[in-house]
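Visitor: I have a new structure open and would like to learn how to read it feature by feature. Could you walk me through it?

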Amino acid sequence: MKRTRNLILSAGLAIGLATGFGACGQRGAQAGSTEANDSTTTENQDSIKSATENTVTVETVKFEKSDSTAEVSLMVQWPVDGNKILVDSLRHHISYLLEKEIDGPKAIEAYGESLFESLSEDWHNVYDEMEPEARMGAFSKTHDITVLAETDRYITYYYNTYMYGGGAHGYTTEVGFTFRKSDGRQIPLIADTESPSLAALIKEGIREFFSDGAEKPLTDEELLEYLFAEEISTLDNIPLPCNPPYLTKTGLVMLYTQYEIAPYSSGIITFEIPFRDIRPFLTEEAKALIE
């Protein structure tokens, strides 16, 4: 019981960090003149379509700008055509992720410029009074919002963001979002969250992640070394991730953010459970999506 509480507390810490997109690490070149490596590139690629009947057309928008004080990199697959309800839902969610009202590619580029200026100003506020040798790398932020999977019944977007604002290392957040095409909603995917059989699938998924293709999977004792856990019995009760799972074309993915159930060095723990194994634990709405 004591160890289970520790796991849950660790998950709470991960929520706080992910919500604030906190950064505490170094990334990028050493500081110097603000004119050293200043460049801006924006690329609007041709619209792309998946090979499904009820497709969503997206436009890939890229923005990059950097100098010795700030680095910004954006890649957003912006929905431009498709079911209006779904397209509006996807656009609203992209705005939510960027914490800025976005109405098109030009707004994404403007957001990138604004973000660059803000990071550069923050860098100057921290380091201008320091000796050059005491300054650390440029403050940076990356947002990648891309289509991960699409069928005729659902579409999954994947969000990857990195932020560095001084210190030993930055902070990465990754999460997936599955939207039902018929109404643009994100529906609950897991029904039986307390099932011991589901807990066993989670445990084996985490074991597979840390075994990393090794010929011999980690034992329970070895797996304990990677997690915020002290007793083997705790491995049979690992809580579900704080962020909801999402669908690919072949299964359901669970993803634990940094610090959620393991130290920073473990990275982002992610694994996919094939539909044939996860189906008994899905909601009826989710089952309808994968039939």
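Visitor: Good. How many helices and strands does the chain have?

Guide: This is a predicted model, and its secondary structure comes to seven helices and nine strands. Of the 291 residues in the chain, 48% are buried. Among contacts with a separation of 6 or more, 62% join residues 24 or more positions apart.

Visitor: What pLDDT does the chain average?

Guide: pLDDT is the predictor's confidence in each residue. Here the chain averages 85, and 82% of the residues score at least 70. Residues 1-52 have a pLDDT below 50, yet beyond near neighbours in sequence this stretch has 129 contacts in the model.

Visitor: Now the backbone. Which residues other than glycine have a positive phi?

Guide: Two examples will do. Glu 99 has a phi near 55°, and Tyr 259 has one of about 75°. Glu 99 sits in the loop between α2 (84-98) and α3 (105-127), while Tyr 259 belongs to the loop between β8 (251-256) and β9 (269-274).

Visitor: Is Glu 99 buried or exposed?

Guide: Exposed counts as over 50% relative accessible area. Glu 99 has 60%, so it is exposed.

Visitor: And why is Asp 183 classed as partly exposed?

Guide: The class lies between the cut-offs of 20% and 50%. Asp 183 is partly exposed because its relative accessible area is 26%. You will find Asp 183 in the loop between β6 (171-180) and α4.

Visitor: Which side chain does the side chain of Asp 183 contact?

Guide: The side chain of Asp 183 makes a polar contact of 2.7 Å with the side chain of Arg 180. For a view across the sequence, take Asp 183 and Asn 83: they are 100 residues apart in sequence, but their C-alpha atoms are 8.7 Å apart in space.

Visitor: Last, how do I read a pocket?

Guide: The general idea is that rolling a probe the size of a water molecule over the atoms shows where empty space is left. In this model, the second largest pocket holds about 230 Å³ of space. It is lined by 13 residues, and those closest to its centre are Thr 193, Glu 194, Ala 199, Asn 237 and Ile 238.

Visitor: Which helix gives the most to that lining?

Guide: Helix α4 (residues 196-211) does, with four residues. By class, the lining of the second largest pocket has seven nonpolar, four polar and two charged residues.

Key
Residues are numbered from 1 along each chain as its sequence is written. This is a predicted model: local features need pLDDT of at least 70, side-chain atom pairs count only at pLDDT 80 or more; totals for chains, interfaces and linings use all residues. Side-chain values use heavy atoms; hydrogens and water are left out. On a 1 Å grid over the protein atoms alone, a cavity is a set of points where a 1.4 Å probe fits but cannot get out, and a pocket is an open set with protein on both sides within 12 Å along at least five of seven lines; lining residues have an atom within 4 Å of a point. Grid points are joined across faces, edges and corners, and a volume is the space filled by probe spheres set on the points. Helices (H or I, at least four residues) and strands (E, at least two) are DSSP runs, numbered from the N terminus. Ala, Val, Leu, Ile, Met, Phe, Trp, Tyr, Cys and Pro count as nonpolar, Asp, Glu, Lys and Arg as charged, and the others, Gly among them, as polar. Buried means under 20% relative accessible area, exposed over 50%, partly exposed in between (1.4 Å probe, protein chains only). A polar contact is a pair of N or O atoms within 3.5 Å; within protein, one must be able to donate a hydrogen and the other to accept it, and residues adjacent in sequence count only if both atoms are side-chain atoms. pLDDT is the predictor's confidence in each residue, from 0 to 100. Contact means heavy atoms within 4.5 Å.
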